[in-house]
Amino acid sequence: MATAKKILIVDDAVFMRQMLAKILMAEGYEICGEASCASEAVEKYKKLRPDLVTMDIVMPMMEELDGIGAVKEIIRFDPSARIIICSVMGQQSLVIEAIRAGAKDFVTKPVQPVRLLEAVRNVLASEKT
Amino acid sequence: MQNSYRELFLSESQEYLANISKCLVRLEKDPSDQSAINEIFRGMHTLKGMSATMGFEKLTQLAHQMEDLLDELRNRRKQLTSAIIDTLFAAVDVVEQLLDEIKENKSSTTDIIPIIETIQRHLSEKEVISLKENQTQPQTINIQEKQDFPFNSEEVSRLKTFLSQGNFLFHIFVHLNKDCVMKEARAFLIVTALKRLGEIIKAIPSIEDLKEGKFDLSFELFLVSKEEQRVIRQEMANISEIEGVRVTPVSLPKEMVSQQQEVSQKTSVGAQPSPVYVKKIQSMRIPVERLDKIMNLMGELAIAKIRLAQIVQTYKIEPLEEVVFLLDRLISTLQDEVMQTRLLPVAYILDAFPRVVRDLAHKQNKDIDFSIVGGDIELDRVVLDEISDPLLHLVRNAIDHGIEDPQTRKKAGKNPRGRIVITVSRQKGQIFIEISDDGKGIDFKAVRKKALEKGLITEEEAKELDEKKVFDLITLPGFSTSEKVTDISGRGVGLDVVKSKIESLGGRVDFETKPGQGSRFILTLPLTLAIIKAMLVNVHHEVYAIPLMNIRETIKVHKRELKYVQNFEVMKVREEVVPIIRLDRTLGIVGSSTMEDEEGRLSLVIVEYGKKALGLVVSSVIGEQDIAVKPLGSWVKRTKGVAGATILGDGRVALILDIMSLM
């Protein structure tokens with residue numbers, strides 16, 4: 001890997017962020033930033049321009065922006081943004097909503113490292129549209 | 001669960017199952033027969049759905065497993081082996097068993113675990129090709145056949161528009177990972193990804209169903225795109241949790257890829273109907289009782305018409321004559337049509353036979369080529385119901401006693417593969433069903449020996465045993481030349497039962513055999529039991545109908561010719577002693593006059609049933625007529641001597657005599 005791909009991790013739980021970071025860094029990805037709420041995610045995306053975002057879709061509402069809203073906001077800013085949704089099981093409609101908004105893939109919590117890495121690899125491999 | 005649903009469920013399930021068996025046999029002959037697999041899959045799928053609705057758990061479970069296996073086969077992820085075919089056959093048997101249990105309303109004792117384990121073993125055998133890596137794909141799908149055509153007219157017109165704009169059509173088959181979570185979201189993701197490349201013309205199941213997760217692990221999409229196959233495949237390869245995906249270009253019938261002007265012309269003017277490929281409902285299910293009711297009402301309508309005609313004639317109401325004439329024509333046409341609804345193709349029962357033949361042949365290590373000719377010929381469903389067992393018996397007989405094993409056949413200079421053919425044909429309101437085999441034929445010597453042993457014939461008779469005599473002998477109850485009773489034809493149903501069953505339907509059994517060359521049974525049957533030919537007779541003032549098939553002759557005899565044998569009246573008719581029944585006494589009809597005419601002569605109708613004859617004394621013979629048989633109400637059902645009723649042209653009711661019960 002010539003230059004490590006930069007990943008922004010968005011999750012309201014510190015524990016989750018750390019776990020995801022650990023899994024991703026072990027594979028050689030660079031964690032360029034972390035966000036704990038939707039609006040922070042949008043803000044950090046604009047600033048850091050990561051190659052990929054992992055985003056928990058259910059986060060505490062802050063400033064009227066939820067996970068879906070954050071996806072929409074990021075896609076509006078960068079239509080080719082690569083966002084992977086992390087969601088607990090059973091939130092199909094939310095996930096579908098996020099995909100409609102432009103998310104490229106999703107993984108379910110509890111996150112299985114293999115699945116997460118597969119998703120990251122796949123999404124990074126897909127051409128920017 | 002309500003009974004009415006259950007019955008519907010049962011009849012429908014059995015239909016599906018019969019078709020599945022048929023397809024299985026087809027599949028065994030030609031393992032590449034994809035349409036057979038599809039049909040079986042669809043059948044199983046429906047069966048699963050129905051039994052789940054009805055709450056039959058075992059059935060649902062088994063059907064589900066079978067469906068899984070078939071799905072693998074259908075999508076060519078699994079090679080069809082003879083072991084799998086055997087498993088499928090075995091599974092069908094278990095399904096049948098389960099249905100029987102449901103039918104008999106008893107709690108299920110069938111153990112489905114073994115068969116399910118077998119199916120699962122097949123499923124887990126890892127020969128699944130990961131489609132992702134499999135680059136050797138089928139080149140193109142050709143959609144030419146109308147029946148395979150998956151699009152409706154609206155989709156067709158959309159398709160045409162896209163194709164005329166330089167798009168290509170692709171068939172995309174997606175199979176998700178078994179442990180894929182939130183498959184609806186996954187499917188949506190795939191659909192969304194593909195939409196970036198083009199337009200989805202059709203999804204199977206529909207996009208809505210996909211979004212709601214109403215699919216197993218795989219689905220199909222038809223995509224129009226300007227991109228190449230490779231690009232689409234690449235896009236799909238970058239989506240997680242897909243076990244396999246197959247992208248295949250689709251070529252369409254020529255007229256589909258025509259120029260756009262033509263397209264718009266066609267669709268706007270509509271001069272030429274644009275191809276509509278949606279299957280129209282061609283047939284529907286009607287309860288048999290309803291058909292019977294319609295048939296009955298038809299009869300009554302016909303009678304009302306006759307009365308109207310009589311009135312018009314009696315009062316000479318000319319303006320009505322033409323109307324009555326028209327009415328007459330309409331009603332008879334209608335009657336014909338209604339009659340048709342009672343008819344079903346013989347294939348309805350014969351379809352199950354190939355399976356039986358296959359199983360029995362397997363069991364006995366015989367190689368048998370079984371074919372049915374004329375399965376589309378139609379017969380009254382009541383007759384069909386009744387002949388199913390006798391036919392099956394004859395076929396079993398042919399396999400068991402007729403066809404020799406391959407070695408013996410080879411030695412005899414025959415094709416090691418035996419042949420059994422059922423030929424159905426129709427001639428003038430009669431149906432002929434012929435069951436022929438090219439086996440060893442009936443062994444006259446064995447029959448003779450057995451008949452002598454049992455004292456059925458004398459040495460004298462034994463010398464001049466011909467075909468007819470042999471047939472008479474082998475149709476005697478309990479007569480079997482087979483040394484050992486096999487579980488095939490030695491089930492207690494003998495040829496005698498076959499014969500009496502067919503005769504009770506007003507039919508006949510004929511038989512030909514050539515030692516070493518095979519045997520042939522010919523069943524002659526009436527087209528329907530709803531309308532029969534009958535002789536109308538008077539018993540005092542009452543009219544009775546005697547089925548013509550039972551009548552040997554009508555004669556007039558002087559009462560002096562009647563003799564008594566131990567208080568029974570008998571008469572000698574051509575060397576045969578015939579018991580006499582005075583219908584007025586038997587039926588309890590009191591008349592003012594005696595039955596004999598001025599010269600003391602009696603009218604006798606000699607009827608026969610099986611081998612026995614009977615002389616019925618009647619007041620007078622009216623004549624022959626076609627009558628519509630109507631069932632009797634339950635309160636008179638058990639009346640001895642009466643089989644049913646009919647309504648005569650003048651509105652009077654005539655009872656139909658049941659000859660068998662008079663014997």
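Chain A has five helices and five strands, and this is a predicted model. Starting at the N terminus, the elements of chain A go β-α-β-α-β-α-β-α-β-α.

**Chain A at a glance**

- Of the 129 residues in chain A, 55% are buried.
- Take the contacts in chain A between residues at least 6 apart in sequence: 66% of them link residues at least 24 apart.

**Strand E2 of chain B and its two partners**

- Strand E2 of chain B covers residues 168-176 and is mostly covered, with eight of its nine residues buried.
- E2(B) runs antiparallel to strand E4 (residues 218-225) of chain B, and eight bridges join the two.

**The six-stranded sheet of chain B**

- Six strands of chain B form an open sheet in the order E15-E19-E20-E18-E17-E16, and the pairing is mixed.
- The edges are strand E15 (551-558) and strand E16 (563-565) of chain B, each of which pairs on one side only.
- From one strand to the next, the twist averages 40°.
- Inside this sheet, strand E18 (residues 576-582) of chain B pairs with strand E20 (residues 612-618) of chain B in the parallel sense, over three bridges.
- To find that pairing on screen, go to B:Ile580, which has B:Gly615 in E20(B) as its bridge partner.

**A helix pair in chain B**

- Helix H17 (residues 444-453) of chain B packs with helix H19 (residues 467-474) of chain B at an angle of about 55°, and their axes are 11 Å apart.
- Angles from 65 to 115 degrees would count as roughly perpendicular and those under 35 as roughly parallel, so H17(B) and H19(B) are oblique to each other.
- Their crossing, H17(B) over H19(B), is left-handed.
- On the H17(B) side, the contact uses B:Phe444, B:Val447 and B:Ala451, while H19(B) brings B:Glu467, B:Val470, B:Leu473 and B:Ile474.
- Sorted by class, the contact of H17(B) with H19(B) comes to six nonpolar residues, one charged residue and no polar ones.

Notes. Residues are numbered from 1 along each chain as its sequence is written. Chains are lettered from A and ligands numbered from 1 in the order in which they are written. This is a predicted model: local features need pLDDT of at least 70, side-chain atom pairs count only at pLDDT 80 or more; totals for chains, interfaces and linings use all residues. Side-chain values use heavy atoms; hydrogens and water are left out. Axes are lines fitted to C-alpha atoms, for helices over the stretch in contact, and angles run from 0 to 180 degrees between N-to-C directions. Helices (H or I, at least four residues) and strands (E, at least two) are DSSP runs, numbered from the N terminus. Angles under 35 degrees count as roughly parallel, over 145 as roughly antiparallel, 65 to 115 as roughly perpendicular and the rest as oblique. A crossing is left-handed if the near helix is turned anticlockwise from the far one by less than a right angle, and right-handed if clockwise. Contact means heavy atoms within 4.5 Å. Ala, Val, Leu, Ile, Met, Phe, Trp, Tyr, Cys and Pro count as nonpolar, Asp, Glu, Lys and Arg as charged, and the others, Gly among them, as polar. Two strands pair if DSSP finds at least two bridges between them. Buried means under 20% relative accessible area, exposed over 50%, partly exposed in between (1.4 Å probe, protein chains only).
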